[in-house]
Amino acid sequence: MPPSPGRNFPSEFGFDRPYWTINREERNYAALLYHVLLCNDNLERFLADIDYKHPVVADQVAIYVEYAFLRDMWNDEALGNEQKRQAITHLLGTRDVRALTEASTLEWNTHFGATPRPSTKHIQNPGRWSLDKFDQHIANDQEFRETCKFKWSFNIKPDLVIQTASDQAVVIEAKYESGESFYPTSETARRVWERRHLDPVGQTHLQQYMFYDLLGIDSTHLYVVKNPHAMPSHAGARTLTWGQAFGGLDLTGLPPFAAAWLKQLAD
């Protein structure tokens, strides 16, 4: 069906510019940086610009948008239930988890309130655990906090990850006006945390926990922002503006719209 020549939102407002001129979607910015880093010698330039000190192992280098390693590994059919239970027991290791040694698969999943419904066959992804459910079983506030961090780690997806070696990575969060995010994010979960008098968990802290404690990767964290005042609260993270991020990169070969978009983003 051809587009209507009559009234539409752009015509109502007299708006005749392309969408990229007003786009505020941070994942688009991450995708632009991803593309540019794949071209020419831009990855090497970028790492030099941020004064990256760790060795870069050529045959281990990879770049990912919306990095979801834990989620995707959990879905690997080669991993069995017993391996998954042992991994959770070893890496989370709370008294609550250790008490489930003899539990059936259904009892294990029910204990954590796995959604949409507890499985009788498969140990479900910890990202599917229900905070409201395991809140009822974990009395110790610190162990509850660690269980929440463990759960959230299976759901977070850093915007851009540069794997420079098997045990090293640069983690980039693309921002427009917002600063660092904090967990929990839902109102229901925040009420539970307030009742337990727990402090929020910063985005950088959670990512460092996921990379170091759960993946065995030492991570360097960057926030790339439009608003230079949108600073992360975590002392272990560095902030760059989009102009700084792209400033030293070779942008030859980009389509005209992308080159103009990057210029606007950097201004």
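The largest nonpolar core of this predicted model has 37 residues, and those with the most contacts inside it are I88, L131, F144 and F211. Several elements each supply at least two residues of this core, namely α4 (69-74), α8 (131-134), α9 (141-153), β3 (168-174), α10 (187-195) and α11 (203-215), and α11 gives the most, with six residues. For F211, once neighbours within four places in sequence are left aside, the contacts are Y67, P158, V161, A169, V171, G216, I217 and S219.

Helix packing can be followed in the pair formed by α2 (residues 26-38) and α13 (residues 256-266), whose axes come within 12 Å and cross at roughly 115 degrees; the crossing is left-handed. On the α2 side the contact is made by N28, Y29, L32 and V36, and on the α13 side by A258, W261, L262 and L265. Sorted by class, this contact has seven nonpolar residues, one polar residue and no charged ones.

S130 lies in the loop between α7 (105-111) and α8, and S130 counts as buried because its relative accessibility is 17%, with the limit for buried set at under 20%. Not counting residues up to four places away in sequence, S130 touches F112 and G113.

Charged side chains come next. Side chains of opposite charge can pair when their charged atoms come close, and a search of the whole structure finds 14 salt bridges. One of them joins D41 and R45, with an N to O distance of 2.9 Å; D41 is partly exposed at a relative accessible area of 34%, and R45 is partly exposed at 32%.

R196 takes part in a salt bridge with D135, at 2.8 Å from N to O. Because R196 lies in the loop between α10 and β5 (201-202), and D135 in the loop between α8 and α9, this pair ties together parts that are 61 residues apart in sequence. R196 is buried, with a relative accessible area of 8%, and D135 also counts as buried, at 13% relative accessibility. The side chain of R196 meets that of D141 in a salt bridge as well, again at 2.8 Å from N to O. Here the link runs from the loop between α10 and β5 to helix α9, where D141 sits 55 residues away from R196, and D141 counts as partly exposed at 31% relative accessibility. Elsewhere, salt bridges that share partners join E25, R27, E66 and K157 into one network.

Notes:
Residues numbered from 1 in each chain as written. Predicted model: local features only at pLDDT ≥ 70, side-chain atom pairs only at ≥ 80, totals over all residues. Heavy atoms only, no water. Core = buried A, V, L, I, M, F, W, Y, C linked by side-chain atoms within 4.5 Å. Buried < 20%, exposed > 50% of the residue type's maximum accessible area, 1.4 Å probe, protein only. Helix = DSSP H or I, 4+ residues; strand = E, 2+ residues; numbered from the N terminus. Contact = heavy atoms within 4.5 Å. Axes fitted to C-alpha atoms, helices over the stretch in contact; angles between N-to-C directions. Left-handed = near helix turned anticlockwise from the far one by under 90°. Nonpolar A, V, L, I, M, F, W, Y, C, P; charged D, E, K, R; others polar. Salt bridge = Lys/Arg side-chain N within 4 Å of Asp/Glu carboxyl O.
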